[in-house]
Amino acid sequence: ADCVVRLSPHRLMPSLLALQPLLWISALNAQGLSAFSYGLSLNSMSAMPRAPSRTPDTLNAWQARGSYSERPTWLNDVSQSVGVRAPAKAPRWVWSAAWKMGKRALPFLHRWDPCCPQDTCVNLVVVWLKAIAGNRLGKSKGDDGIAFAMLPCYTRLVIARPFCYLYPRLHHQNIAIRSAFLDAALKTEVRQNADDGTKTSVIVLGAGFDGRGLRRMALTPEIEPDRWAEVDLESVVQQKRALLQRALRRRPDLLALSKRISWHAANLSNAEEARGAVCDALLQDAQATSPRSVVYVCEALLIYLPEASARALLSAAVDEAVGAGARRVSFCFADKLPGVQKAFDLDAATEVLAASRLQLDEATWTPKPGLARHMGVARFRNNDAG
């Protein structure tokens, strides 16, 4: 019922063949990728003819991503803190190859997809990766199968169980770490607001194709927010509606929950559009008589915005929430804070957030490897709110 075009096996083969390079990389990982990468002993290396020079890029390509001499347990520590297994210690070139192969597979995977989604800011790649992670982690730690339900019929079978276990723990595991952090942070903020006697409105900035709203309301309904809003580009919002319609046909148990989510279109790199969308999302809060708090969720959005636009977005988000009468504003992020280059630069992160009246909770500060390297929670308490 959820697929318009019937596919014969021979028409499906191009999609399956496109995934073969990833499976090949997976096989290398299963047979001992570290041995493949680092198996050359120092003696054998000394016997080999040396190149005239080796650039830092060449050296970095063979460095295991997430493995750093000054912090050898960094990735494991982050993974343990969120309760998710660490990604595989593979060289950077393997990570890069897996990413490129996944991107090249997308046209084949969606060749017969009536929804015709686009990979805006890698939204499409990420939903496939979240589907792999969700299928591997299961309901308790995964996404309850929501990302998998969004994907096109037939071609999605290449990441269904048990095939999902063939993919090495690379990009999907990195995304699983930040998703687990944000889920836990969001759960804590909503519970604290409830303990303070305030209802919570959640606004996801740059939501993409993420199904966190449905996932959180389905798995923990007893502590979930009163309202849920998502803001992204108009084209992304329209495509996500189509993907969710497909998911809801497969998961009718989520239909009632989906009606509690509102979508708002805006180019978040434009300060005025961002303010307008956030204001629209908070309109009901401004009219509410009971005390309310606002929780913003930001996952891998700021890395795509110019630094000035990212700073303006943070200020606009706080200003609009305070203007709507929010008692407390929380900012849960797994992203790259504007102007903060180093992962462990706590002082710079604190300064950037303070410029938007947000106070970073140092206990939540959890840097991790990758582009979205900063994870934490920052808050602003509005003492003027009733």
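This is a predicted model: local features need pLDDT of at least 70, side-chain atom pairs count only at pLDDT 80 or more; totals for chains, interfaces and linings use all residues.
**Close-up 1. Packing of helix α6 against helix α10.** The view shows α6 (residues 74-82) and α10 (residues 171-195), whose axes lie 9 Å apart and form an angle of about 45°. The two helices are therefore oblique to each other. The crossing in which α6 passes α10 is left-handed.

**Close-up 2. Residues at the contact of α6 with α10.** From α6, the residues L75, V78, S79 and V82 take part; they meet I177, A180 and F181 of α10. By class, the residues of this contact comprise six nonpolar and one polar, with no charged residue.

**Close-up 3. The largest nonpolar core and the surroundings of I159.** This core consists of 64 residues, and V127, W128 and I159 have the most contacts inside it. When neighbours within four places in sequence are left aside, I159 is in contact with W128, A131, I132, N135, F148, L151, C164 and Y167. Another core, of 40 residues, lies apart from the largest one; V294, L314, A324 and F333 are among its members.

Notes
Residues are numbered from 1 along each chain as its sequence is written. Side-chain values use heavy atoms; hydrogens and water are left out. Axes are lines fitted to C-alpha atoms, for helices over the stretch in contact, and angles run from 0 to 180 degrees between N-to-C directions. Helices (H or I, at least four residues) and strands (E, at least two) are DSSP runs, numbered from the N terminus. Angles under 35 degrees count as roughly parallel, over 145 as roughly antiparallel, 65 to 115 as roughly perpendicular and the rest as oblique. A crossing is left-handed if the near helix is turned anticlockwise from the far one by less than a right angle, and right-handed if clockwise. Contact means heavy atoms within 4.5 Å. Ala, Val, Leu, Ile, Met, Phe, Trp, Tyr, Cys and Pro count as nonpolar, Asp, Glu, Lys and Arg as charged, and the others, Gly among them, as polar. A nonpolar core is a set of buried Ala, Val, Leu, Ile, Met, Phe, Trp, Tyr and Cys residues joined through side-chain atoms within 4.5 Å. Buried means under 20% relative accessible area, exposed over 50%, partly exposed in between (1.4 Å probe, protein chains only).
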